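You asked for a reading of this structure that someone new to it could follow. The points below are meant to be read with the structure open beside them.

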Amino acid sequence: MPFALTEEQKLLQESADRFVERDYGFDVRTRLAGSETGWGAENWARFAELGWLGVPFPEAAGGHGGGPVEAGLIAEALGKGLAVEPYLWTVVLGGGLLARAGRTDLLEELIAGKLQLATGFAEPQGRYALNDVATTAEGSSGDRSISGRKAVVFNAPSADLLIVPARTAGARTDTRGITLFLLPADADGVELRPYSTMDDSRAAEVTLSGVRAGGDAVLGEIDDGMALLEPAIDDATAVLCCEAAGVMQALVSQTQDYIKNRKQFGVPLSSFQVLQHRMAEMFIHKEQTQSMAYMAVVRAAAGDGRAASRAASAAKAYASEKGKLVGQDAIQMHGGMGMTKEMPISSFFKRITMIGSLFGDADHHLDRFAGMGAGAA
Amino acid sequence: MDLDIGSEDRAFREEVRAFVGRNLPSDTREKMRRGLKLTKDDVIGWHRILHANGWGAPGWPVEYGGPDWTPTQRHIFEEETGRSHCPRLMPFGLKMVGPVIQAFGSDAQKAQHLPKIASAEIQWCQGYSEPGSGSDLASLKTRAVRNGDNYVVNGQKTWTTAAHWADWIFCLVRTDDTVKKQEGISFLLIDMTSPGITVKPIITMEGGHEVNEVFFDDVVVPVSNRVGAENKGWTIAKFLLGHERTSIAEIGRSKAQLEKLTEIAAAEQKNGAPLLDDPRFREKIARAEIDLMALEMTLLRIVSAESAGGVPGPEASLLKIRATELQQELGELLMEAIGYYSHPDTPEALEFGWNEPSVGPDYAASLSPVYFNLRKTSIYGGSNEVQRGIISKMVLGF
Ligand SMILES: Cc1cc2nc3c(=O)[nH]c(=O)nc-3n(C[C@H](O)[C@H](O)[C@H](O)COP(=O)(O)OP(=O)(O)OC[C@H]3O[C@@H](n4cnc5c(N)ncnc54)[C@H](O)[C@@H]3O)c2cc1C
C-alpha cells in the first residue's frame, strides 16, 4: 500500500510528535534559540537516547537501518514545533555524507550524540549550484592546501567537523574535479564569522586560508565528490520538504484556531466566506506538500539516483512555492497580531520563508526538474 | 486622449527634482537607498527642509500654509520624492489630523495645531485601533466620560505607529454606549505628556520598533480638544478614510525599488552569468514592471478626474490593494535575488555608520527584514480584505 507506514515507522512518528507536543512549547523554543549555541544540548541527548540520531544509518554503523523516510518523519514532527536543533545539518546531510563515504567510525560518534557537522555546499558566487566551486585544494594527494570561501554554512558555529567541497581539478563550474574534505573546525586556517539567521538557526561565513588536508581527510573519491554530494543533498532536500510540511501544518492549525476565536463585527472571523476559502486553499497546499514530501523521501530511500533527484526537485519546487503562499496568508489572517515577534505564527512564517530557498528556491528546482527531461519518476 | 502632463507640470517636476538633488541630506539619502534605520531626526529634518521652502504641507491649501498644489502637482511631488529616496513624511499630522482640523476644527484648534504640523514642530500619532477593534473599528471601547470642562479617558489603543515619537495623539473614543456603535464615538486631540498615558513598544517580526500600545488611565482631556460635535466622531473617521487616497499608490517608491531590483539582479550570479539574464527571473521583473505601469496609469486617470473637479470615490480602494501587493511583490523579488544571503540576520548592519564588512553583498542585509516588514501593508490602513469589501459594497452595490 502506497504511503502506509510500518509499525516501526508509526511508533517513531508518534514518539516524535509526542516529544514536540509535550516538551517543545514555543517558550522552550524561544529560550533555546536565544541561548549561546542556539539549540538544546539536553534535547540532543534525548534524541540520542530515543535513537533518532541513528535512525537513518545502517545497523553495521550502529544505526537503526532506516533511511530518508524515517528521517523525514522526525523532521516533519520537528517542523511542527519549529525545533532549532541541527538535525538536518548533522544527522541528515552531514551523516548522510559520512554514510555514503563509509565512515562508520564517525557515524558511531554521531549516533552517540558526540559529533556536530556542517557542510559548506554553497559559495558566495554560486547561488544554488553545487558544482560552482571556486575553493581550491592544491598540492598532491597526501598533502593539500585548501583555500576559499563558503557561504552561509549552517551549524558551522557548533560543528566539530566541516565537510568542504574543494576543487582538485577542472574549471570553476565543472561537475568533475570536486573533492570532499573533512576538516576539524578548529584547524589552522579555518576562520568562522558566526551569526544567527532570520529563522533563528545559526550559521557562519567560513574562510579557508591554506588549510592542510592529508589523505585521510578525503571523503569519497578524489575529483568525484559530486557523486556523494548531489545524492546526499537530494536526500536532505526530501527530508527538508517533510519539515516544510510540518511547518505548514502548524501554520494552518494555528490560523484555523485564531480565526475561530477572534471576533470582529460580533462574529468569529471564521464566519467570513473569503477567509474560509483562503483557509481551504491553505489546507490543500499543506496536504499536497505533505504528499510530495513523502513521495520524495520514498524515492530517496529507493536510492535510484535519477528518480530520487526528480522527486526531490519536484517536491522542493512545490514546497517552496506553496509554503510561501501558506505563510503569507497565515500572517494576513492574523492581522496586526501576525506582525508581532511575540506571536509564534511569525516565527513559523520566517522558517517557511527561509526553507523556501534552502538547497535552492522554486526556480532552481523547476530548472533542474525541467532539465532532467520527462520520465515516469 | 494623451499621456502628456503638459509643459508647466514638466517644469514643476524639474523643480522638485532639482530641489531634492540640492537639499536632501546625503546621509539620509544613503540610509533610504540602502534600507538602513532612519532616526526621528532624519524624518523631521527632511520635513523642516521642505518647510523652509514652503513645501512643508504638500497637500494643504495656502490659507493653512500649504503650497496650494493641483492634484497633478501633488502626484508629481509624491512620485519624485519617493523615487529619489526622500524619507516618507509622517502622515499622521499632514494627511490625517491636519485635514480633519481644517474641515471640522474650531478656529482655536486651527491656530494651535496647523502651523506646528506644517513646520514639523509637533509630531502626531493615530489612536484608532484597539485590541478588540481592528477591522471592526466602530466597536472601540476606550471611554471618555464628561466631567465639567474635561473628559476623563480610560482604555487602550494598539498598533499605534510612532507613538514613541509623538507629542500628540488623535483618538476615537466612546462617549455614549447606549446608542448604535457608530453614533457614540467622538474625536479627541490628546497631549501625550498628559498624566496617565503609558506607551509600550511592540516589536515586529523582523525586530523593528515602529508600533506601540498606548494605555490611558484617568487621562484628563479638555473638552475644547474635541474636534466636531460630541458623538459625531465616526463622520470624521469616514472623512479621513477618503482623504488623500492617491498618495497611497507609492509609485515613486516602487519605481525606486524596481531600479534597485534591476541593479541587484545584474550584480548577482546564476550559473556564472548575471541573474538579470536568467529568463525566469527576468520575466518576474518584467511582470512587476507591468504591474507598476498598470497602477501608475490607473492613478493618473484618477488624478486626472480629480483635476477636472471630481472627488476620488471608493474605487480608489483599488489603489491601496494593488499598491501594497506591488510593494510586497518587489520586496519578495529583492529577497529572492540574493539567494542564501537572505538568511543571515545582522541587525547591526542596518545601523548607519556601522563600518564592519557586511556578511554578504552590502545590499543584502536589509532585504529579508524589509520583506517581512512589508507584510504589514496589506493589513494596516484598512486591510485588503476590508478594501475589497468597500469595492463590493460601494462600487458594485452588493
Ligand atoms: C505595522 C502596523 C501599523 C499600524 N499603525 C496603526 C496606527 O498608527 N494607528 C492605528 O489606529 N492602527 C494602526 N494599525 C492597525 C491596523 O489598522 C489594524 O491592524 C487593521 O485595521 C486590522 O485590524 P486587526 O489587526 O485587529 O485585524 P482583524 O480585524 O482581527 O483582522 C484579521 C484578519 O481578518 C480579516 N477580516 C476582518 N474582517 C473581515 C471581513 N469582514 N471580511 C473579510 N475579512 C475580514 C482581515 O482582513 C485580516 O486579514 C497598524 C497595524 C500594523 C500592522
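This is a predicted model: local features need pLDDT of at least 70, side-chain atom pairs count only at pLDDT 80 or more; totals for chains, interfaces and linings use all residues.

The numbered points that follow move from the confidence of the model to its cores, its chain contacts and some local details.

1. The predictor gives the complex an ipTM of 0.97 together with a pTM of 0.98. For chain B the average pLDDT is 95, and 99% of the residues of that chain score at least 70.

2. On the nonpolar cores: the largest of them has 160 residues, and the residues with the most contacts inside it are Ile74(A), Phe181(A), Cys241(A), Ala293(A), Ala296(A) and Ala315(A). Helix H7 of chain A, residues 226-261, supplies the largest share of this core, with 19 residues. Apart from this core lies another one, of 50 residues, which has Leu114(B), Trp124(B), Ala162(B) and Val219(B) among its members.

3. Leaving aside residues up to four places away in sequence, Cys241(A) touches Met292(A), Ala293(A), Ala296(A), Ala315(A), Lys316(A) and Ala319(A).

4. Between the two chains, 33 residues of chain B are in contact with 32 residues of chain A. On the side of chain B that touches chain A, two or more residues come from each of strand E6 (197-203), strand E9 (269-270), helix H9 (279-307), strand E11 (344-345) and helix H11 (367-373) of chain B. By residue class, that side of chain B divides into 11 nonpolar, 14 polar and eight charged residues.

5. Met205(B) and Pro369(B) are 164 residues apart in sequence, and yet their C-alpha atoms are 8.4 Å apart in space.

6. Helix H2 of chain B (residues 26-34) has two sides that can be told apart. Its buried residues are Thr28(B), Lys31(B) and Met32(B), and they lie on the same side of H2(B) because they cover an arc of only 95 degrees around the axis. As background, an α-helix has 3.6 residues a turn, so residues three or four places apart point the same way. The buried residues of H2(B) pack against helix H3 (40-52) of chain B, whereas Ser26(B) and Glu30(B), on the other side of H2(B), are exposed. Just after H2(B), Gly35(B) takes a positive phi of about 70 degrees.

7. In chain B, strand E1 (residues 124-127) and strand E4 (residues 168-174) run parallel and are joined by four bridges, with Trp168(B) in E4(B) as the bridge partner of Trp124(B). From E1(B), Trp124(B) and Gln126(B) point one way while Cys125(B) and Gly127(B) point the other way, and all are buried. In chain A, strand E2 (residues 136-140) and strand E3 (residues 143-154) run antiparallel and are joined by five bridges; these strands form a hairpin with two residues between them, and Thr136(A) has Ser147(A) in E3(A) as its bridge partner.

8. Most residues other than glycine have a negative phi. Asp218(B), however, has a positive phi of about 50 degrees although it is not a glycine; Asp218(B) is placed in strand E7 of chain B, and it counts as exposed because it has 11 C-beta neighbours inside 10 Å. Asn271(B), likewise a residue other than glycine, has a positive phi near 50 degrees. Asn271(B) lies in the loop between E9 and strand E10 (273-274) of chain B, and with 16 other C-beta atoms within 10 Å it is partly exposed.

Key: Residues are numbered from 1 along each chain as its sequence is written. Chains are lettered from A and ligands numbered from 1 in the order in which they are written. A residue is buried if 20 or more other C-beta atoms lie within 10 Å of its own, exposed if 12 or fewer, and partly exposed in between; C-beta atoms are placed from the backbone. The arc is that of the directions from the helix axis to the C-beta atoms. Two residues are in contact if their C-beta atoms, placed from the backbone, lie within 7 Å. pLDDT is the predictor's confidence in each residue, from 0 to 100. A nonpolar core is a set of buried Ala, Val, Leu, Ile, Met, Phe, Trp, Tyr and Cys residues joined through C-beta atoms within 7 Å. Ala, Val, Leu, Ile, Met, Phe, Trp, Tyr, Cys and Pro count as nonpolar, Asp, Glu, Lys and Arg as charged, and the others, Gly among them, as polar. Two strands pair if DSSP finds at least two bridges between them.
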